[in-house]
Amino acid sequence: MKGEAAAATPKSKKGWTLQMKAFSAAEDADKLADKLRRNGHEVRVEAGEANGRMWHRVRMGHFDNWDAALAAKQAFEKNESVIAYVVSL
């Protein structure tokens with residue numbers, strides 16, 4: 001398949017993080033972050049602009065390599081039943 005090899009082990013110079021969700025409203029991001037913190041996770045909300053809109057991203061962790069980020073994603077999803085995405089920094 002086209003692009004399959006590239007998707008197998010993506011490269012990032014700055015590392016990887018898990019992103020659970022992005023909200024346009026900061027309050028919504030804070031609600032999810034607070035819930036995850038109550039469950040023992042160290043999460044952060046990062047604000048940034050994309051396509052002319054401000055987004056508040058709920059993120060967790062910093063990983064130096066794709067495999068570590070993927071393992072953390074799988075463990076998080078199993079424990080929380082919340083989808084997480086591995087995103088580059």
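Author: Two residues are said here to be in contact when heavy atoms of theirs lie within 4.5 Å, and this is the sense in which the buried residues of α2 pack against β1, β2 (43-50), β3 and α3. Please keep in mind throughout that this is a predicted model.

The helix itself, α2, covers residues 26-38. Its 13 residues should span 18 Å at 1.5 Å a residue, and since the C-alpha atoms at its ends are 18 Å apart, the two values agree. Within α2, the residues A29, L32, A33 and L36 are buried, and because they cover an arc of only 100° around the axis, they sit on the same side of the helix. The general rule behind such a pattern is that an α-helix has 3.6 residues a turn, so residues three or four places apart point the same way. On the other side of α2, by contrast, E27, K31 and R38 are exposed. Just after the helix, G40 takes a positive phi of about 95°.

L36 is, together with L18, M20, V58 and F76, one of the residues that touch the most other members of the largest nonpolar core, which has 17 residues. The elements that give two or more residues to this core are α2 itself, β1 (16-23), β3 (53-63) and α3 (66-80).

H56 counts as buried because its relative accessible area is 14%, which is under the 20% limit. Leaving aside neighbours within four places in sequence, H56 is in contact with A26 and A29, and also with K21, A22, F23, S24, A25, V45, E46 and A47. R59 is likewise buried, at 11% relative accessibility, and its side chain makes a polar contact of 2.8 Å with the side chain of Q19. Beyond four places in sequence, the contacts of R59 are with T17, L18, Q19, M20, V43, R44, E46, V87 and L89.

Note on methods
Residues are numbered from 1 along each chain as its sequence is written. This is a predicted model: local features need pLDDT of at least 70, side-chain atom pairs count only at pLDDT 80 or more; totals for chains, interfaces and linings use all residues. Side-chain values use heavy atoms; hydrogens and water are left out. A nonpolar core is a set of buried Ala, Val, Leu, Ile, Met, Phe, Trp, Tyr and Cys residues joined through side-chain atoms within 4.5 Å. Buried means under 20% relative accessible area, exposed over 50%, partly exposed in between (1.4 Å probe, protein chains only). Helices (H or I, at least four residues) and strands (E, at least two) are DSSP runs, numbered from the N terminus. A polar contact is a pair of N or O atoms within 3.5 Å; within protein, one must be able to donate a hydrogen and the other to accept it, and residues adjacent in sequence count only if both atoms are side-chain atoms. The expected span of a helix is 1.5 Å times one less than its number of residues. The arc is that of the directions from the helix axis to the C-beta atoms.
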